[in-house]
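Here's a quick briefing to read with the model open beside you.

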Amino acid sequence: MRHPFSIMRKTYLWLTIWWLVLLSARFFFFKNINLSIEFTWWLQIKIDKSVDEEKITTELDKYLTDKKYEWNQILVESSDWLSTITLKMNVEDDAKVTVLSQDIQNFLIKSGYIKDTSSILEQSITWPSVWDYMQKTAKSAVIVWIIFMAIYMIFSFMTIRKVVNPTVLAVITIVTMIFDISVPAWAYGIWTMINPTIQLDSVFIIAILTTMWYSLNDTIIVFDRIRENLQDKLGQKHILYWKVFEDSLRQTMRRSFGTVFSTFIVIVFMYILWSGAIKTFAFTIWIWVLAWSYSSIFISAPLAYLVLGKYRNERKELKQALASK
């Protein structure tokens, strides 16, 4: 069957697009990232009094700057009888958070916002030590998960080790997954740039964790079809790897696009009909679906083909085969 274009022949094109997306994702995400209080060291105080939000924000920012506190982000919400002051701070340790808490109380009393500490209804703190522990635990969990997944991949493709190194396929599967995670991060960065009120919170993390397995699974399906087709040719003297990879992609493409389309429809309706956390979740998954549909076809196999050295070895044969069609 004749196809309008060869996926494997344009390997460098697909991978160039991949690198450009990764670089822009890193730029937009880290430049515009706005962490919610879930992922920062923060202090929140509620007082039994209504305040002028703009005035107290200005005064408190000046007070903290004079006290040499760096990176002060202040959010004040006030109603008829209650005001909530939330600070995201750059504080190094738990001891300094205690000092900061006392400084805020002194500010409120000296500025006349409250008479004494009895007016403070509630005080909440996320300690630096807690956040450090969460970061380390999350990183360890991801590393362990990646190691076990790589081991699984190596053993799964051990049957074709004579023609294709299963370790290479394992590494490329993880790399493809990183791309699928980077694209939603890139979109999130642009979204935050357009709307500064958007924050990176636990909903984004949940969405990313959800996508990791599906991304991995789809790449494994592509490589599994390559494994099956290579096993059928193990007895042959000369295997045309470009044809095996190309045919395998064509065989899985319809299934991939069908899955992408059905998932895409559901996510679009979630985004349109819901709001809040569900809308954020749907946005992240929606972008991921686009990344997944691209990476499973245009990154996984072409990257493996290039890294294994098959593109360099078969370049002439590939051009001749396509020219003769």
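What follows is a short tour of this predicted model, grouped by topic.

Local features need pLDDT of at least 70 and side-chain atom pairs count only at pLDDT 80 or more, while totals for chains, interfaces and linings use all residues. Residues are numbered from 1 along each chain as its sequence is written, and side-chain values use heavy atoms, with hydrogens and water left out.

**Overall layout**

- The chain has 10 helices and four strands; these are DSSP runs numbered from the N terminus, with helices being H or I of at least four residues and strands being E of at least two.
- Of the 325 residues in the chain, 45% are buried (buried means under 20% relative accessible area, exposed over 50%, and partly exposed in between, with a 1.4 Å probe and protein chains only).
- The accessible areas themselves come from the Shrake-Rupley method with a 1.4 Å probe, and for residues only the protein chains shown count as cover.

**Helix α8**

- Helix α8 covers residues 277-298, and at 1.5 Å a residue its 22 residues should span 32 Å (the expected span is 1.5 Å times one less than the number of residues).
- The end C-alpha atoms of α8 are 32 Å apart, which agrees.
- Since 16 of the 22 residues of α8 are buried, the helix is largely enclosed by the rest of the structure.

**Salt bridges**

- Side chains of opposite charge can pair when their charged atoms come close.
- Six salt bridges are counted, each being a side-chain nitrogen of Lys or Arg within 4 Å of a carboxyl oxygen of Asp or Glu.
- One of them joins Glu228 and Arg225 at 3.3 Å, N to O; both sit in helix α6 (residues 202-231), three residues apart, about one turn of the helix.
- Glu228 is partly exposed at 32% relative accessible area, and Arg225 is partly exposed at 28%.
- Another links Asp247 with Lys243 at 2.9 Å, N to O; they are about one helical turn from each other because they sit four residues apart in helix α7 (residues 241-273).
- Asp247 counts as partly exposed at 27% relative accessibility, and so does Lys243 at 41%.
- Helix α7 also holds Glu246 and Arg250, four residues apart, about one turn of the helix, and their side chains meet in a salt bridge at 3.2 Å, N to O.
- Both Glu246 and Arg250 are buried.
- An α-helix has 3.6 residues a turn, so residues three or four places apart point the same way.

**Surface patches**

- Patches are made of residues with over 30% relative accessible area and no salt bridge, joining like charges within 9 Å and nonpolar side chains (Val, Leu, Ile, Met, Phe, Trp, Tyr) within 5 Å.
- The nonpolar patch of about 760 Å² is made by Phe261, Ile265, Phe269, Ile272, Leu273, Trp274 and Ile278.
- Helix α7 gives the most to the nonpolar patch, with five residues.
- Leu273 lies in α7 and is exposed, with a relative accessible area of 62%.
- Asp52, Glu53, Glu54 and Glu77 form a negative patch; Asp and Glu count as negative and Lys and Arg as positive, with His and the chain ends not counted.
- A charge is placed at NZ of Lys, CZ of Arg, CG of Asp or CD of Glu.
- Glu54 sits in helix α2 (residues 53-66) and counts as exposed because its relative accessibility is 65%.
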